[in-house]
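Student: Can we go through this one together? I'd like to start with the pocket and then move to the strands.

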Amino acid sequence: MEKRTAVVLVVIFGGLVVALLSFSVLAFVAMERGGGVLAFAGFGNVGVVEVKGPIVESDQVVEDLSYFREQPQIRAVVLRIDSPGGSVGPSQEIFAEVRRLAEEKVVVASMGAVAASGGYYVALPATRIVANPGTITGSIGVITQIPNVEELADKIGFRMNVVASGPSKDAGNPFRPFTEEDRRVFRELVDDVYRQFVEDVAQSRNLAVEEVRRIADGRVYTGAQAKALGLVDELGNFNDAVDLAAELAGIDDPELVYPPHARRLRLRDFLVEGAQSLVRSAVAELREQLRETASVEYRLP
């Protein structure tokens, strides 16, 4: 390869790398200061918080909701939910933070494929709830499952010795029979959590408690059925939820803003994709130059 060609390739490749790094640094700085490039310029005004998968912890979602509550340029938030539910405590923590945010700003819950049980619970305090006609939602109820491996333990000769401070301390111990007293303890637990769930649905959806109890037998509903029952407000997809949030907040041309941790993930993906693209381009250019060089005939004088 000629020296001149090599120099040209180095200059092109180096320039692309410098441009990518410069843009990445500027984008990262803007994102870290609250809202991505558009938000940093003052145009970002609809925040997006995602609740995905089983709800087993609440820290990140609560942090995202709290972040947008403190951002003056964010006038509405879309809570995108795609979750079958999960643990009671984390669901209630997210519920409380959504309610706190909805007291200050417009919050529109957007249901994806599934927003059931705890996934429905966290949507309740939103200003409006939007579901697809085929979204699986509802499942208003509480369940606890206690395994029993007593017979299996007998077969392998395993014994569990228990010392407890009270008769109910080892309620649900899988290595002994499930007694009526155990059942009473867990029934009271389930009934109390179920009461909290029903009352929160009734209050949030402006429904009578008895009316909620009638439909809160644990079954799931489609989005269309849920709308007919008063469990959701509108039928539509994520874009419809964004438009509704913008309308309620008086925003003419909404721009979406994601919380810092989500933007960092997207920035990382962007950097990786950009670097891979640069490498592919440089390799293709190098191959082309090598092909041209190889096609030259060299003859001895």
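**Pocket and strands**

Student: Which helix gives the most to the lining of the largest pocket?
Tutor: Helix 7 does, with four residues. Helices here are DSSP runs of H or I with at least four residues, strands are runs of E with at least two, and both are numbered from the N terminus. This is a predicted model: local features need pLDDT of at least 70, side-chain atom pairs count only at pLDDT 80 or more, and totals for chains, interfaces and linings use all residues. Residues are numbered from 1 along each chain as its sequence is written, and side-chain values use heavy atoms, with hydrogens and water left out.

Student: And which residues lie nearest the centre of the largest pocket?
Tutor: Gly86, Val88, Ser117, Gly141 and Val142, out of 19 lining residues. A pocket is an open set of points on a 1 Å grid over the protein atoms alone where a 1.4 Å probe fits, with protein on both sides within 12 Å along at least five of seven lines; lining residues have an atom within 4 Å of a point.

Student: Now the strands. Why is strand 2 largely enclosed?
Tutor: Six of its eight residues (76-83) are buried, so the rest of the structure largely encloses it. Buried means under 20% relative accessible area with a 1.4 Å probe, protein chains only.

Student: How many bridges link strand 2 and strand 3?
Tutor: Seven, in the parallel sense, with strand 3 spanning residues 106-116. Strands pair if DSSP finds at least two bridges between them. Ser83 has Ala115 in strand 3 as its bridge partner.

Student: What about strand 1?
Tutor: Strand 1 (residues 46-52) also pairs with strand 2 in the parallel sense, over seven bridges.

Conventions
Buried < 20%, exposed > 50% of the residue type's maximum accessible area, 1.4 Å probe, protein only.
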